[in-house]
Structures are given as structure tokens and as C-alpha cells.
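Subject: Structure for you to look at

Hello,

I am passing on the structure we spoke about. Please open it alongside this message and follow the notes below.

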Amino acid sequence: MVDCRDKMRMIPLRKVVAASIIDMYGDINRTEQKYSHWTARGLKKLYRESLRMPPRRVLIPVNKNTNTVTLPVDFDYETFVGYLSNGVRIPALNNPNLISECTIENSGVNLCSVCKQDKGICEDLNISETTDIVQIGESSYFETVTKTLYPNGSYYLEKNTPYLNIETNEVEYSKTKEFIANIDLLPCGCPNQTPENKELIEQVNPNVYGCYYTPCGCAENHGLSYNVFEESGLIQISGFIPDELYLEYNPFVIKVNGEYMVPEIAFETLVEWNKFKAIQHKPNVTTYEKEWQKQNFISERRNMENFKVSLDFIINAAISLPRFAFSDQTKAT
Amino acid sequence: MNVNEIAELAWRQLQPSSVGGRAIHLEEFKSTAKAEFAYQTLLMMWKEKREEGEYLIPSYLLKEVEKDVVGNEIDISGLEYFKSLPFEAWLQDIGGMKCGCKYVKSTVKDAKLFCGDDSMEDSARTYYIVGNKIKFPQGTHAKKLPIIYADKGGDINGNLEVDDAIGALVRQRLIEIYGGKIGVNDETNNQNKTN
């Protein structure tokens, strides 16, 4: 991979087009559109296979209603997410458990139209059944224990217990009803979300309480946290919500001021690429000539890839070189 | 020298007497000369392209005119452009040489193929020619646009100025075409070539 540090040394794509047309003695009026198309394709090919995109740095406004940020159109992957404070970037913590409701296609949550609570709470409180197996003789029967929430908030425990009727010698069921508690209900029939009511529900029905009122295993939130949803083009954030999110990311291809920019080191490679594409499928061009032009492109690309060697690479290479110790005796001989 | 003068020169060379009732009328010579001029220009264009790799339209043929854009179209029916040039090379530029508004030549076929292609600058607009109209599928930046095109080379009298070298070729071709043709009988009294 070429380390494209010189992000400032970018030249407009049209200069590659012009150079290609000059080399081919082409008529700009006939070839400009095609050469632009080939150059853009070649540029994307080089970015995929050889070049590293210089990162982009953007400040994006946060949607305070949904706590989301829209990803830039050329977003490939993020290298830093956070916010700025007095010219210093403060990082956000990546929280993969963060969910964006905007990305949920079918949440399956049926909300009460009045109080917007999950209706599942009411439904699960209303009929909450457990069963036990009761052995009568050689057969097994089920004893059902139902907790039922009545519209007035009364919560009853109803047991349906099988027993053997000695007179009829048949298994019958006895029903008992035991008052448990009175749950405070809203006019819509949903439980009131007061701390006392929640505590009561926790006592009388721990399952419902655990399902609807306890947080679902989240990581501790230190300040700002985020999660990226590429499929919907959003970043979900939570915790401290800034006005603008600072994002550093690698883009697909850079378009600056409405035109594609080409790294300078890729200039000759793309010119040779264009010249190759111009004759690649032409019927009146020999195979030899096509192959020759293709090799020119490959050669320039190799030069491009070998051109940039990072200082770190040089230092590491120097460190890893074996050192030979020469003794005085060796020197004397 | 213009084509009419070349034609007249060749005509006089073939039929030196200037009295009327010629074997071949001068007007026919002129028409042939115009056609031959277009053909010789094309041959020179191909020759230059073969030897130099490119052909540059002579600057004396280039003209610049400003045209109104109506409904994203420019009507060129009034232009006397050089139709003989292949690949519609007669149309050299639209929009002028200044940067900022860029117009890129296309064709009907390419306009369909490159629909949605974002390789060019966002500010670039394409155009293609259909008959006597230049169409701009993405619109234009202005309501009037300068056009640089290759004119036929005619002056206000309809005389086509030609390059001397091409003029010589045209004259030679006229002599080759018409030399040796048998003329009509001399109808004038006591007037013939031998007298």
C-alpha cells in the first residue's frame, strides 16, 4: 500500500484527461468525455488496490431529536469520532450495543397510543401463567397459576389445581383466587410509571419487571459514545450530545469543489491507463500494441507503488539489519 | 484567392477566348471547384492526421459568434459551417476559453451512455448536435453562449477564401476533370479559335 501522506499534492482529474489527450494527439471534443470516464474508473481502481486515501475531517450537525448524525456520502470507514473542545478533539467511545431506532425495520413493539408504553407490559401482566405438574395416580396433570390484572388495577393470583374427585373418580379442577396487590393504572389501562408502581411490579411479577424495566446489559457510558450504522448512513450517539460531531474518516474518492482530485504520484499511472483503455478494444489496433500499452501502465503503476517509502519503514528496516561485530584479531588478519 | 477566382482561372486556361457560348459554362466550373475544395481539404486533413497525428483547423476558417439559448437548445440553421469536416470537427468550442463554465462535446449515443456518470466536474455541461440544433441535456449557465466553429470561408459576396496550396490543387483538379472535353460548336459569325 502506498502511504499517501502528501494529501495537499492533489491535482484535478481533468489534467490527467488533458495529458492523455495530448499524448494520443486526440481531438478533445471527441475524447474528453470518454477519457474522463476512464480516468475516474482508473482512479477508483487504484484506490481499491494500491493507494491509501488521505482522511477527511468534517464537523457534522447532530440531530438532537434522534441523537444521530448523517454519514457523509463518501464515507468508507471512520478513523476518529468525537467532538471539539477549545481546538482539542475529545474522543467518543465506540459502543457496539448502541442501537439506532431509525435502523430498526420492524421493531415489533406495539406501543400504547395514549401513553406510548410498550403494550406488552399490560399483556404480560394481564395474563402471566406458570404451570406445575401434578401426579394423580399414574397420570400427570397440570396445575396452572395465573396472575391476572383486572382493569381496576387489582392483581389476583388464580390457581387451577387438579384433584381427584372421590365420588366421581374423576380428575377435576379447583379454582382459587387470591388478591396480590393493587397496581396503579393509567386511564389507558397501562401501568403508571411511578417508582412505587415499578417496585410493586418487581415484587409481584419479577419476570415482567426484568423484561420491561431493567436496562439490557449495556456498557457503562463515559461521556459520548457512538455506533456507526452504514446501512442507514447514520451514526447513533449517546451520553453527552454535542451540537456538532467531529468525524475523521477515509472516503471512497475525493471530490473537492465539485471535481475529482488525483494524487500527484498517480498522475502518470492514470495517463498510461487512459492510453491503454483508448486502444484496448479497438479493432484496428494490433494485439502487440495493446499489450505494449498495457505493460506501460503496469510499469508506471509499479513505479508509483515503489515511490513512497515512509520514514518509519526506513527506520525499521535499519533496526532489523544484522550487525556484524569485528574483533581486533579479525581486523589484524 | 477565392474559389471563384480559381475556377475562373482554370476555365480561362482551358478555353482562352473570353467570348460567350463556351463549351462548359463557368458556373459549372465554380460548382465543381467548391466541391473539389471541400474534398481537397478533407484529404489534407487525413494526410496531416496520418503524418502529424492530429489535424488543426486553419485559423482563417474559424469564426466566433454568440447565439441565444432557447429551451436548452441553440439553433444553428443560419451558420455556414464547414460540413465536410468529419466527426463534426467544424464545431470547435462552446462557451469560450474562460474557465468556470465548461461545455463538453458529446454525441447522442454518448449522452445516453454517460447519463449519471460523475467523472467530470460538477460544473461541466455536455452538448450534442441533432440536425440544426445543439442540445444541452443539463442546461446552460447563460442565455447566450459564444460558439467557435469552422466556417466555409465565404466573404460577403459568397467567395470562399482558400489556402494557396489547396487552391493550386483545386485548379489542377479542375484542369484534370475538364481538360480534353469536347466543347460545343462555335455559333458566332466568323469567330473561331484558329482566327
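A salt bridge is a side-chain nitrogen of Lys or Arg within 4 Å of a carboxyl oxygen of Asp or Glu. Lys34(A) and Asp110(B) form one, with their closest N and O atoms 3.4 Å apart. Keep in mind that this is a predicted model.

The contact between the chains

That pair belongs to the contact between chain B and chain A, where the count of salt bridges is four. Polar contacts between chain B and chain A come to eight residue pairs.

The size of an interface is often given as the accessible area lost when the parts come together. Here chain B and chain A bury about 1,700 Å² between them, and 46% of this is on carbon and sulfur atoms. Within chain B, the residues that lose the most area to chain A are Phe114(B), Ser119(B) and Glu121(B), which together make up 29% of what that side buries.

The nonpolar cores

The largest nonpolar core has 40 residues, and the members that touch the most others are Leu85(B), Trp90(B), Ile94(B) and Ile134(B). Several elements of chain B give two or more residues to this core, among them α1 (3-14), α2 (26-52), β3 (91-94) and α4 (164-178). The most comes from α2(B), which gives six residues. Leaving out neighbours within four places in sequence, Leu85(B) is in contact with Met45(B), Tyr55(B), Ile57(B), Trp90(B) and Ala150(B). There is also a second, separate core of 26 residues, including Ile11(A), Leu43(A), Val262(A) and Met304(A).

Gln40(B) lies in helix α2 of chain B. Is Gln40(B) buried or exposed? Its relative accessible area is 7%, so Gln40(B) counts as buried, the cut-off being under 20%. Not counting residues up to four places away in sequence, Gln40(B) touches Ile166(B), Leu169(B), Val170(B) and Arg173(B).

Regards

Conventions:
Residues are numbered from 1 along each chain as its sequence is written. Chains are lettered from A and ligands numbered from 1 in the order in which they are written. This is a predicted model: local features need pLDDT of at least 70, side-chain atom pairs count only at pLDDT 80 or more; totals for chains, interfaces and linings use all residues. Side-chain values use heavy atoms; hydrogens and water are left out. A nonpolar core is a set of buried Ala, Val, Leu, Ile, Met, Phe, Trp, Tyr and Cys residues joined through side-chain atoms within 4.5 Å. Buried means under 20% relative accessible area, exposed over 50%, partly exposed in between (1.4 Å probe, protein chains only). Helices (H or I, at least four residues) and strands (E, at least two) are DSSP runs, numbered from the N terminus. Contact means heavy atoms within 4.5 Å. Buried area is the accessible area (1.4 Å probe) that two parts lose on being put together, summed over both. A polar contact is a pair of N or O atoms within 3.5 Å; within protein, one must be able to donate a hydrogen and the other to accept it, and residues adjacent in sequence count only if both atoms are side-chain atoms.
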